[in-house]
Amino acid sequence: MNHRKHYTRRLIPVVVVLLFCWLFFSLIQCQITISSKRQELAGVQEQLSVQLAKNEELSRSLDDGENAIIERIARDEGYAKPNERIWVDLSGK
């Protein structure tokens, strides 16, 4: 009986230390996962804001009507109205 009691007294601190180590490494792993998910969230939020801006532009184009859409596409292709001067900003801004 005495041998069993001695064995239990030595086993409890080892189990507690092992449990503490497991909890510590689990905490570190969770922190790493949280950090990566926050970075992923920031990227998705950036994509969302870009898509919302595109949607807003398309909505405004639809509100302007079909002729405005055709005119915008033609201007993007380099076409202009007769006797119209086109100014191109070469500064890159």
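Colleague: Is V88 buried or exposed?

Modeller: Buried means under 20% relative accessible area, exposed means over 50%, and partly exposed lies in between, with a 1.4 Å probe and protein chains only. V88 has a relative accessible area of 63%, so V88 is exposed. Before going on, note that this is a predicted model: local features need pLDDT of at least 70, side-chain atom pairs count only at pLDDT 80 or more, and totals for chains, interfaces and linings use all residues. Residues are numbered from 1 along each chain as its sequence is written, and side-chain values use heavy atoms, with hydrogens and water left out.

Colleague: How many helices and strands are there in the protein?

Modeller: Helices (H or I, at least four residues) and strands (E, at least two) are DSSP runs, numbered from the N terminus. The protein has two helices and zero strands. V88 is in the segment after α2.

Colleague: Which residue follows α1?

Modeller: G65 does, and its phi is positive, near 110 degrees. G65 sits in the loop between α1 (2–64) and α2. With 21% relative accessibility, G65 counts as partly exposed. The C-alpha atoms of G65 and L48 are 26 Å from each other, at 17 residues apart along the chain.

Colleague: Where is N83 found?

Modeller: N83 is in the segment after α2 (66–76). Its phi is near 60 degrees, a positive value in a residue other than glycine. N83 counts as exposed because its relative accessibility is 84%.

Colleague: What radius of gyration does the protein have?

Modeller: The radius of gyration is taken over C-alpha atoms, and the globule rule is 2.2 Å times the number of residues to the power 0.38. The protein has 33 Å, whereas a compact globule of 93 residues would have a value near 12 Å. The C-alpha trace spans about 105 × 30 × 15 Å along its principal axes. Of the 93 residues, 1% count as buried.

Colleague: How many disulfides does the structure hold?

Modeller: A disulfide is a covalent bond between the sulfur atoms of two cysteines. Here it is taken as a pair of cysteine sulfur atoms within 2.5 Å. The structure holds zero disulfides. C21 is in none, and the nearest cysteine sulfur, that of C30, is 16 Å away.

Colleague: How far apart in space are V88 and A53?

Modeller: V88 and A53 are 24 Å apart, C-alpha to C-alpha, and 35 residues apart in sequence.
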